[in-house]
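Thanks for asking me to look this over.

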Amino acid sequence: MRYAFFPGCVSRGGCPELYPAAALICKRLGIDLWEMQGASCTGAGVLQEKNQLLGDTLNARTFAMAEYWDLPIMTICSTCQGVMSQANHRLRNPEYRAKVNGYLAEEGLEYKGNARPKHLLWILIEDYGLDKLAELITRPLHGVRLAPFYGCYLVRPTDALEFADNPERQDSLERLIEILGATVVDFSGKTRCCGFPILTINERNSLAMVGKHTSEAKDLGADAMITPCPLCHLNLDSFQPKAAAQAGREIGLPILHMPQAIGLAMGISPQELGLRRHIVNTRPLMTQLTPAAAH
Amino acid sequence: MNVTIRVRRQDPESESAAPFWQDYPLEIEDNATVLDALIKIREDIDGTLSLRCSCRSSICGSCAMRINGQAGLACKTQAAASLKAGDIIEVEPAGNMPVIKDLVVNFDLFWNKIMEVEPYLQPQGPEPEQEYVVSNESMLHLSGVTACIMCGACVSDCTVMEVDPSFLGPAALAKAYRFTADPRDGDDAGVSKERLEQLNGPSGMWDCTRCLECVQACPKGVAPMERIMAMRDQAIAAGLRNTNGARHTEAFAESVEQTGSLDELTLVPKSLGMTNVSGLLSYAPVAIQALTHGKMPPLIHKKIEGVENVRRLFEKVDETER
């Protein structure tokens, strides 16, 4: 299995623990990653505020590069995935695509409309197979209660994300949690907003969202939260102490990147997965893990 | 078809005011809507169930509620397509508005916000002798926003209003855009600068998190969030740049243009404003914590391969589109 790998800015920036964790588990899974060194940022929905056509053109450029390699695209960020899916949804219109291709021609690129960018979470379920993943689980997360937190752009809008054709995307994270041997803590905030996009604009509201979701999961007995979105991770982990202070209560809920949780269940050490880099202490969670079974 | 409609009921004026779930097992036609099922319950099973409805054809906007946790019109939602495990459909009142009884909520907050954006044309300058002449194109563009039926589904699921009821919210902001984008509103060039100045303030356009809940909830394709995004561009174009939101958008675009990717290290200070000392200092504890945990973005931001191609696209797309 080989993918054109689109790691996204945050997995190497604000969450530098994510990129190596994702690369590590992909190696164990036998997934070959060809990193897209020349691909630009998706625009994250922010650039689209100023100029949607420009955002779509940058994403079409990325899609054309993957088409040239004849490889499907893998993302590890809900926001990258959603913005790419939304752009691809619009680019299905041949007239619009021709207009965008007009801009790409000078670089010798053309987007034919065949790219299907997929988040690692969807790849595991749709391409790799959870049964096959289960064979690599040597340290099932038995007794660990995990609350799923998707990130807006991996669940909405459902038409651009092709939920009708892929109904398993609706509860993909819960399915993964169960395969890892952990227990799902279902809570009302799992598909809501983490507040990150307005952190520097309305910090009080942003932190209120962090406080609300982490408190709810914690009060329902979650030992940790798991997210496929590094932007959510930034807010839910790095700003959780500030959110707790604003809410006037203790929270202390570790937030795991999805590949870290998979890596732990594969028996990879917490250090290698970058868990020491988290702001909310992950050590109490590590004491819950059973020793890895011998390979 | 046999289904169970599980209704979140509440009567705040009764002795036991707390909300509770009540199950109604019943038989409905295969092509019945959720509203058909609720009406059947009220008429044949339990006359005390309260709900609002009128047209039954997604025009009046009366029957917005949460169906399986997602806001929408009960009359536009097929029961057969909404079955959860055990053939159950969960129905709750719309969110972010106080419950009057069962599925009926108080819309005062919704209407107050609509009124707050002054939802009527406000042309500046002398009135034309005859009618205003506008291009077909500009009106076609607005037809998407004027499709709003004021059902409140977007407000129900807005993640910002959930934590801050002072936020103008998706319905009122989309309504405001219907005027800021109307060539008859504002000055001779159709720029509604005064309106945009108001919407640019606290609880206005920049408080939206872009979570897409309103886009998903809207039964009429108004896509309020996309209108809010377009309004932000209008504000920046009208010279309203002195907000953290505008600075954030411009700094983000600049970083992608110059390097091909996002330089997170400079984005925060640029959004807050480089001279905003107290704002910058408030981030110091988080920055120090990130630094001690090895969580800081690289100090020297690397450019992507072939970044000149990205820069060229910024120039070219901007050139032709403006």
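The points below start with the ground rules, then take chain A and chain B in turn.

1. This is a predicted model, in which local features need pLDDT of at least 70, side-chain atom pairs count only at pLDDT 80 or more, and totals for chains, interfaces and linings use all residues. Residues are numbered from 1 along each chain as its sequence is written, while chains are lettered from A and ligands numbered from 1 in the order in which they are written.

2. Helices (H or I, at least four residues) and strands (E, at least two) are DSSP runs, numbered from the N terminus, and strands pair if DSSP finds at least two bridges between them. In this pair, A:F5 sits opposite A:E35 of β2(A). Between β1(A) and β2(A) the chain passes through helix α1 (residues 18-29), giving a right-handed β-α-β crossover; with the strands pointing away from the viewer, the path from the first strand over the helix to the second runs clockwise.

3. Next, please look at strand β7 (residues 224-227) of chain A. A:A224 and A:I226 point one way, A:M225 and A:T227 the other way, and all are buried (20 or more other C-beta atoms within 10 Å of the residue's own, with C-beta atoms placed from the backbone).

4. β7(A) has parallel partners: 3 bridges join it to strand β5 (residues 145-148) of chain A, and 3 bridges join it to strand β8 (residues 255-257) of chain A.

5. The C-alpha trace of chain B spans about 70 × 70 × 40 Å along its principal axes, and buried residues make up 42% of its 322 residues.

6. Chain B is assigned domain 1 (2-104), domain 2 (108-237) and domain 3 (254-321); such bounds come from an automatic or database domain assignment. The C-alpha centres of domain 1 and domain 2 of chain B lie 30 Å apart. Each of these two domains of chain B gives 15 residues to the contact (C-beta atoms, placed from the backbone, within 7 Å).

7. Which elements give two or more residues to the domain 1 side of that contact in chain B? They are β3 (64-67) and β4 (70-73) of chain B, and β4(B) gives the most, with 4 residues.

Note on methods:
Buried ≥ 20, exposed ≤ 12 C-beta atoms within 10 Å, placed from the backbone.
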